[in-house]
Structures are given as C-alpha cells and as structure tokens.
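Q: I would like to learn how to read the features of a model such as this one, starting with its pockets. Could we go through them in turn?

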Amino acid sequence: MDTTAEAPPIVPDPADPRLTRRVRGIDHTGAPVETSVTVERPLTLFLNGQEIVTMMTIGDYPEYLALGYLLNQNMLRPDDEVTGVEYDAELEVVVVRTARTTDYQEKLRKKTLTSGCAQGTAFGDLMERFERARLPEAELRTSWLYRLTHAINTMPSLYLEAGAIHGCVLCREDRPLVYMEDVGRHNAVDKIAGYMFRYKIDPADKIFYTTGRLTSEMVIKTVQMGIPILVSRSGFTAWGVELARQAGLTLIGRARGKRFLALSGEQRIVFDLDPAHVEEESAKHRRKGARDDA
C-alpha cells in the first residue's frame, strides 16, 4: 500500500541555522566579504551492536540517512522489522536496531570504493541484487518532466544559499514530494531511501531526480529502490547508461529548461507537450551541473 499521502512532505530549509555558517574572507579584488558555507559533521552509524561506518553529512534527518544507507548497502532487508532508531546529537551517533540478528564483519571487509563523492561504498553482493531487480513499466510524459524540473529548479535550496551540496528529489508525475540535500549525493539518495522505507511508499509510479551525474552508483541505488525513472540535470557515465539499459530504467540526463537527453527507456516517453511552449532555464536559478557538457 502506498502511504505517500500520510508521509510528511520535505523541502529544503536554507534558513536552518544548523546547516550553514557565515564566514569572512576576501574576494578576487581583495575586498572583505562574508558568505554562507555549508556545515558538515560526522555521523557514526551502528547496526544493533556493531559499528558500521562514519559518514560526513549536513546532519539533518539522520534517522532516514541511517535506514537508507543500510538498505542500499544490503545490510537491511526491505522486509526487516526495525525495532528502533536512536539518534544522539551530542555524541553524533545513530543506532538502528532490528528484530533479526545481524553480523556484517565479513561484508565490511569486502567493501569497495565507488564513484560517489565523499565515502560512498558498495559491497560485493550489490550487483547480484541489482541483477535480480525488475522495474515496473512506467510512462514519463514530457509535460510532467518540464513542470517538474521547473518546480525543482525554482525552489529555495541550501545549494543556492551556500553551494557545496547535492540534491535529490522523490517525485510523482509533475510534483516534488521529498527534496533532500547533503554534501555527498549518495547521502541524499540514502535519506530518500530511508524515508520510503519508513513510510512504506510504493516506488512503482515515482520519479527520482538528482542534481548529480548519472553514474553507476546512482543507477544501482535507484533500481534497488524500485523506482523506474531517473532524471538529472547533469550528464552520464558509460557504465551508468549500460546498467540502466540492463535494468530497464528510464534514464534522462541534461534536463534543463526545454532540453533533455534520454539514453535508456526512451520508448516509455510520451511527447505530449511541444518544447516551443516551454521556457528556457533562467540563469539566476541554475543549479549544479548547469554548464556541464555545454
């Protein structure tokens, strides 16, 4: 059952004093300036009694981040019973407790670095899980895509306030539902995965939007979450495209203003709006990736 209507919508809050700090310096002319910079802090994750990882994060929604990380690293199963998620802000620790006994020492020894910024990791059995995944057939109307990218591009965000941040958005048709930001794109993805797990959200009719590149990691995580459509304002990697085609994921990149490029699942796109009636992207609202591949 899709509980999207019961789940609280989440949008960026650039005014949250925990997320930015004012710092003084000078500009290119030597004139004194004061600017906002993004705050990052460590968060150590425990699964039951075992320490799993320490992540650098902006610190909002640590419970969703913890659940999503464990899900996307295949340490938490979609049908697991989570008996508690405890966060201690002073100790910067989050503990996830499950009814099932877990022991991931061997899995932790097998971890490999991925293309994600910061400390994204993937484990040996992720590809086996990826290969078993089956995505639903879901259409993407260009009218949804144009309205959706415009809505996301004009929303207040921590990126526009301070930069040095990635954004990911869970959407349905032309509506953004959950907008997460973090210093690493994998963190933003994991927060959404944890949110979906917490509220048992059906992924079959959802669209995943990211400001980051369409890498293998981004494709794998989207497929693991069961979301059939992935959209980015940035470009592609060859392996990301190959994996998207293998999984049947609709992959849309360089989505800015009236332009986009589809390299996988293009047969599911319904062209129901003439691009001539779509406005170009305003320079003042350009997000990360606006000049990529220009």
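A: A pocket is found on a 1 Å grid over the protein atoms alone, as an open set of points where a 1.4 Å probe fits, with protein on both sides within 12 Å along at least five of seven lines, and its lining residues have an atom within 4 Å of a point. In this predicted model, helix α6 gives the most to the lining of the largest pocket, with four residues, and α1 and α6 each supply at least two. Helices (H or I, at least four residues) and strands (E, at least two) are DSSP runs, numbered from the N terminus.

Q: How much space lies in the largest pocket, and which residues are the closest to its centre?

A: A volume is the space filled by probe spheres set on the grid points, which are joined across faces, edges and corners; for the largest pocket this is about 430 Å³. Of the 18 lining residues, Leu71, Pro78, Ala193, Met196 and Phe197 are the closest to the centre. By class, the lining has ten nonpolar, two polar and six charged residues, where Ala, Val, Leu, Ile, Met, Phe, Trp, Tyr, Cys and Pro count as nonpolar, Asp, Glu, Lys and Arg as charged, and the others, Gly among them, as polar.

Q: How many residues does the largest nonpolar core have, and which elements give two or more residues to it?

A: A nonpolar core is a set of buried Ala, Val, Leu, Ile, Met, Phe, Trp, Tyr and Cys residues joined through side-chain atoms within 4.5 Å, and buried means under 20% relative accessible area, with a 1.4 Å probe and protein chains only. The largest one here has 35 residues, and Phe208, Val219 and Leu251 have the most contacts inside it. Two or more residues come from each of β10 (166–172), β11 (175–182), α6 (185–199), α7 and α8 (238–247), with the largest share, seven residues, from α6. Apart from this core lies another, of 18 residues, among them Leu43, Met55, Leu71 and Met75.

Q: Is α7 mostly covered or mostly uncovered?

A: Helix α7 is mostly covered, as nine of its nine residues are buried, including Met218, Val219 and Lys221. Glu217, which lies in this helix (residues 216–224), is buried too, with a relative accessible area of 7%. Just after α7, Gly226 takes a positive phi of about 80 degrees.

Q: What does Ser232 reach with its side chain, and which residues is Ser232 in contact with?

A: A polar contact is a pair of N or O atoms within 3.5 Å; within protein, one must be able to donate a hydrogen and the other to accept it, and residues adjacent in sequence count only if both atoms are side-chain atoms. The side chain of Ser232, a residue of strand β13 (residues 229–232), reaches the backbone oxygen of Thr210 at 3.3 Å. Ser232 is buried, at 0% relative accessibility. Contact means heavy atoms within 4.5 Å, and, leaving aside neighbours within four places in sequence, the contacts of Ser232 include Thr210, Leu214, Ile252 and Arg254.

Methods:
Residues numbered from 1 in each chain as written. Predicted model: local features only at pLDDT ≥ 70, side-chain atom pairs only at ≥ 80, totals over all residues. Heavy atoms only, no water. Buried < 20%, exposed > 50% of the residue type's maximum accessible area, 1.4 Å probe, protein only.
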